[in-house]
Structures are given as C-alpha cells and as structure tokens.
Amino acid sequence: MLVRFLLFLVLNFAALGIGGFFTGQGVPSDWYQSLDKAPWTPPGWVFGAAWTTVMLTFSAYMAVAWDRFESRNLILGLYLLQWVLNVAWNPVFFQMHWVGIGLVVITALALLVWYLLLAHAEEMGLHRFWVLPYVMWLTIATSLNAYIWMNN
C-alpha cells in the first residue's frame with residue numbers, strides 16, 4: 001500500500017509540475033491580472049496549499065482504490081483520464097487563453113472526480129472521502145473559471 005501511495009504521489013505531483021511548466025507566468029501575468037475575476041477568488045498561496053492537500057489525499061484514495069476496484073483497467077483508465085485533464089487545463093487556460101475550452105476541461109475533470117466519489121462508494125467505503133478535498137477544490141476552481149468566462 002505504501003509503495004502504491006508513493007507511486008501515485010509522484011505521478012500526481014508530476015502532473016502539477018507539468019501543468020505548472022505550461023502555466024508560464026500564470027497568475028502574475030498581465031493577461032491574468034487584467035481579467036475580471038470572481039469576488040471569491042482566493043489569494044495566490046491558497047492554490048498551492050489546496051493542490052498539495054488534494055494530491056496527498058488523492059494519492060491515498062488511489063492507493064486504496066487500486067486494491068478495491070473490481071476492474072483495475074477501469075480505475076487505471078479513470079486515473080489516466082483525470083491526469084490528462086488535470087495537466088491539460090493549465091496550457092489551455094494560461095498559455096492559450098482559451099477560457100471557454102478551459103471551462104470544458106475543468107468541468108470534465110470535476111465530473112470525473114465527482115464520479116469517483118459517488119459511483120464507487122460501496123467499494124471504497126469511508127476511504128471515498130479521501131477524494132473529497134479534490135471534489136471541493138475542483139468545484140471552487142470550476143466556478144472561478146466559469147466566472148472568468150462569463151465576465152471577460
């Protein structure tokens with residue numbers, strides 16, 4: 001279990017690193033600073049703290065899910081789709097400035113993570129709550145992206 005947790009931890013933080021690479025100037029960029037952002041947009045440090053928490057708890061979820069899902073192909077496929085969507089959002093939003101497509105990507109990611117929370121409750125038991133921080137953060141992040149799309 002510990003080895004799987006560490007493996008998913010490395011993969012999850014690699015996704016953040018790759019996404020961060022494509023973010024470029026990101027939040028301090030002139031483009032992002034000029035956007036009309038949601039009044040509930042948290043300060044910059046919250047993003048790092050939130051993603052760190054999310055990746056720690058999601059790694060624990062995945063380590064347990066690997067043993068509990070009937071189909072390892074299903075959990076691996078869902079995980080890989082989540083990984084690709086997570087990485088893809090950064091270049092779509094920050095590099096290409098495709099806010100609407102970014103909203104589609106992050107909405108798909110949020111729905112996938114909601115699916116992991118709700119659809120496999122029986123297999124995961126109380127361990128399903130390890131994915132709750134990811135669900136909560138993506139709900140907030142999706143609302144921030146939607147606000148930017150609607151107001152810019």
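These legends accompany several close-up views of one predicted model. Local features in this predicted model need pLDDT of at least 70, side-chain atom pairs count only at pLDDT 80 or more, and totals for chains, interfaces and linings use all residues. Residues are numbered from 1 along each chain as its sequence is written, and side-chain values use heavy atoms, with hydrogens and water left out.

**View 1. The largest pocket, with a volume of about 510 Å³.** A pocket is here an open set of points, on a 1 Å grid over the protein atoms alone where a 1.4 Å probe fits, with protein on both sides within 12 Å along at least five of seven lines, and its lining residues have an atom within 4 Å of a point. Grid points are joined across faces, edges and corners, and the volume is the space filled by probe spheres set on the points. The lining is made up of 24 residues, and those nearest the centre of the pocket are Phe47, Trp51, Trp89, Asn90 and Phe94. At least two lining residues come from each of helix H1 (2-23), helix H3 (44-68), helix H4 (72-95), helix H5 (99-118) and H7, where helices (H or I, at least four residues) are DSSP runs numbered from the N terminus. Sorted by class, the lining holds 16 nonpolar and 8 polar residues and no charged ones; Ala, Val, Leu, Ile, Met, Phe, Trp, Tyr, Cys and Pro count as nonpolar, Asp, Glu, Lys and Arg as charged, and the others, Gly among them, as polar.

**View 2. The largest cavity and the residues around it.** A cavity, in contrast to an open pocket, is a set of points where the probe fits but cannot get out. The structure holds 1 cavity of 30 Å³ or more, and the space in the largest cavity comes to about 30 Å³. Its lining consists of Tyr32, Lys37, Ala38, Thr41, Leu144 and Ile148, which by class gives 4 nonpolar, 1 polar and 1 charged residues.

**View 3. A network of salt bridges that links Arg4, Asp67 and Arg72.** A salt bridge is counted when a side-chain nitrogen of Lys or Arg lies within 4 Å of a carboxyl oxygen of Asp or Glu, and by this rule the count is 2. In the salt bridge between Arg4 and Asp67, the closest N and O atoms are 2.5 Å apart. This pair joins distant parts of the chain, with Arg4 in helix H1 and Asp67 in helix H3, 63 residues apart. Asp67 also forms a salt bridge with Arg72, where the closest N and O atoms are 3.6 Å apart. Arg4 is partly exposed at a relative accessible area of 22%, as is Asp67 at 41%, and Arg72 is likewise partly exposed at 41%; the label applies between the limits for buried (under 20% relative accessible area) and exposed (over 50%), with a 1.4 Å probe and protein chains only.

**View 4. A nonpolar patch on the surface, formed by Leu126, Phe129, Leu132 and Met136.** Together these residues have about 400 Å² of accessible area, an area that comes from the Shrake-Rupley method with a 1.4 Å probe, only the protein chains shown counting as cover for residues. A patch is made of residues with over 30% relative accessible area and no salt bridge, and nonpolar side chains (Val, Leu, Ile, Met, Phe, Trp, Tyr) are joined within 5 Å. Leu126 belongs to the loop between helix H6 (121-124) and helix H7 (132-151), and Leu126 is exposed, with a relative accessible area of 69%.

**View 5. His97 in the loop between H4 and H5.** Most residues other than glycine have a negative phi. The phi of His97, however, is near 65°, a positive value in a residue other than glycine. His97 counts as partly exposed, at 35% relative accessibility.

View 6. Ala15 is buried, with a relative accessible area of 3%, whereas Leu6 is partly exposed at 42%. From C-alpha to C-alpha, Ala15 and Gln82 are 10.0 Å apart in space, although 67 residues separate them in sequence. For Leu6 and Asn86, which are 80 residues apart in sequence, the corresponding distance is 19 Å.

Technical notes:
Patches are made of residues with over 30% relative accessible area and no salt bridge: like charges are joined within 9 Å, nonpolar side chains (Val, Leu, Ile, Met, Phe, Trp, Tyr) within 5 Å.
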